[in-house]
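The sequence and structure are shown below.

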Amino acid sequence: MFKHILVPTDGSERSEAAIKYAVDLAKVHGARITGLHVVPDFHLMIAYEGAFDPATEEKIEREALAKAEDYLGFIRKTAQDAGVLCDTVRATSDHPYDEIVKNAEQRGCDLIVMMSHGRRSVMSILLGSETRKVLSHATIPVLVVR
């Protein structure tokens with residue numbers, strides 16, 4: 001039924017649970033997955049890091065890219081262990097939901113699997129639920145894992 005599943009991650013435990021679910025689903029359907037992590041633009045990096053860090057722009061970006069690689073590495077390893085074909089993508093945007101929807105469309109995905117809640121912070125309250133926004137804007141099915 002499904003051939004290509006997009007799995008966004010924010011590195012949280014809930015996100016890892018959604019990744020495992022997506023990989024299991026892909027294995028059952030003989031599908032492949034694409035893992036996605038969206039890094040905020042630099043002006044949002046301070047909120048992304050969770051504190052006002054006096055570090056330089058370069059240091060903050062380097063740390064964000066390292067985190068992204070760790071998050072995407074978890075997807076690659078989980079898929080590889082299950083024998084599921086996997087590709088990963090890192091994007092930069094102030095609007096993760098938009099990148100999720102855009103990547104799903106551009107890559108021909110027929111399902112998005114994501115968690116119901118990720119980071120619980122002031123930023124998430126201000127910006128709203130990325131999952132809710134994906135549900136509102138996606139033109140393909142979205143499976144929400146709790």
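## The sheet and its surroundings

Ile5 stands opposite Ile33 in S2. The model in which this pairing is found is a predicted one. Further along, Leu6 has Thr34 as its bridge partner in S2, and Val7 stands opposite Gly35 in S2. In total, S1 and S2 pair in the parallel sense over five bridges.

On S4, the residue opposite Leu6 is Ile112. S1 and S4 run parallel and are joined by two bridges. S2 is also joined to S3, by seven bridges, and these two strands run parallel. In that pairing, His37 stands opposite Arg90 in S3.

Taken together, five strands form an open sheet in the order S3-S2-S1-S4-S5, with parallel pairing. S3 and strand S5 (142–145) each have a single partner strand and stand at the edges, so one side of each is left without a neighbour in the sheet. On average, neighbouring strands of this sheet are turned by 25° against each other, direction ignored.

Two helices that pack on the sheet can be described next. H1 touches S1, S2, S4 and S5, and its direction makes about 150° with that of S4. H3 touches S1, S2 and S3, and its direction makes about 165° with that of S2. Helix H1 (residues 13–29) also takes part in a right-handed β-α-β unit together with S1 and S2.

As a general point, strands of a sheet pair through backbone hydrogen bonds, either parallel or antiparallel.

How many of the residues of S1 are buried? The strand is mostly covered, with five of its five residues buried. Both faces of S1 are covered: His4, Leu6 and Pro8 lie on one side, Ile5 and Val7 lie on the other, and all are buried. S2 is mostly covered as well, since seven of its eight residues are buried.

Helix H4 (residues 96–106) also contributes buried residues, namely Tyr97, Glu99, Ile100, Val101, Asn103 and Ala104. Against which elements do the buried residues of H4 pack? Their partners are strand S1 (4–8), strand S2 (32–39), strand S3 (86–92), strand S4 (111–115) and H6. Just after H4, Gly108 takes a positive phi of about 70°.

## The loop between S1 and H1

Asp10 has its place in the loop between S1 and H1. Is Asp10 buried or exposed? With a relative accessible area of 15%, Asp10 is buried, because buried means under 20%. The side chain of Asp10 is joined to that of Ser12 by a polar contact of 2.7 Å.

## Salt bridges

Side chains of opposite charge can pair when their charged atoms come close. The structure holds five salt bridges; the table lists some of them, including the pair formed by Lys59 and Glu63.

| Side chains | Distance (N to O) |
|---|---|
| Lys59 and Glu63 | 3.2 Å |
| Arg76 and Glu69 | 2.1 Å |
| Glu130 and Lys133 | 3.9 Å |

Lys59 and Glu63 are four residues apart in helix H3 (residues 57–82), so they are separated by about one helical turn. Lys59 counts as partly exposed, at 32% relative accessibility. Glu63, its partner in the salt bridge, is likewise partly exposed, with a relative accessible area of 28%.

For the pair of Arg76 and Glu69, the side chains meet at 2.1 Å, N to O. Arg76 counts as partly exposed at 30% relative accessibility, and Glu69 is partly exposed with a relative accessible area of 42%.

Glu130 and Lys133 lie in helix H6 (residues 130–137); being three residues apart there, they are separated by about one helical turn. Lys133 is buried, with a relative accessible area of 18%. The salt bridge of Lys133 with Glu130 has an N to O distance of 3.9 Å, which means that this pair falls within the 4 Å cut-off for a salt bridge.

Terms used: Residues are numbered from 1 along each chain as its sequence is written. This is a predicted model: local features need pLDDT of at least 70, side-chain atom pairs count only at pLDDT 80 or more; totals for chains, interfaces and linings use all residues. Side-chain values use heavy atoms; hydrogens and water are left out. Buried means under 20% relative accessible area, exposed over 50%, partly exposed in between (1.4 Å probe, protein chains only). Contact means heavy atoms within 4.5 Å. Two strands pair if DSSP finds at least two bridges between them. A crossover is right-handed if, with the strands pointing away from the viewer, the path from the first strand over the helix to the second runs clockwise. Axes are lines fitted to C-alpha atoms, for helices over the stretch in contact, and angles run from 0 to 180 degrees between N-to-C directions. A polar contact is a pair of N or O atoms within 3.5 Å; within protein, one must be able to donate a hydrogen and the other to accept it, and residues adjacent in sequence count only if both atoms are side-chain atoms.
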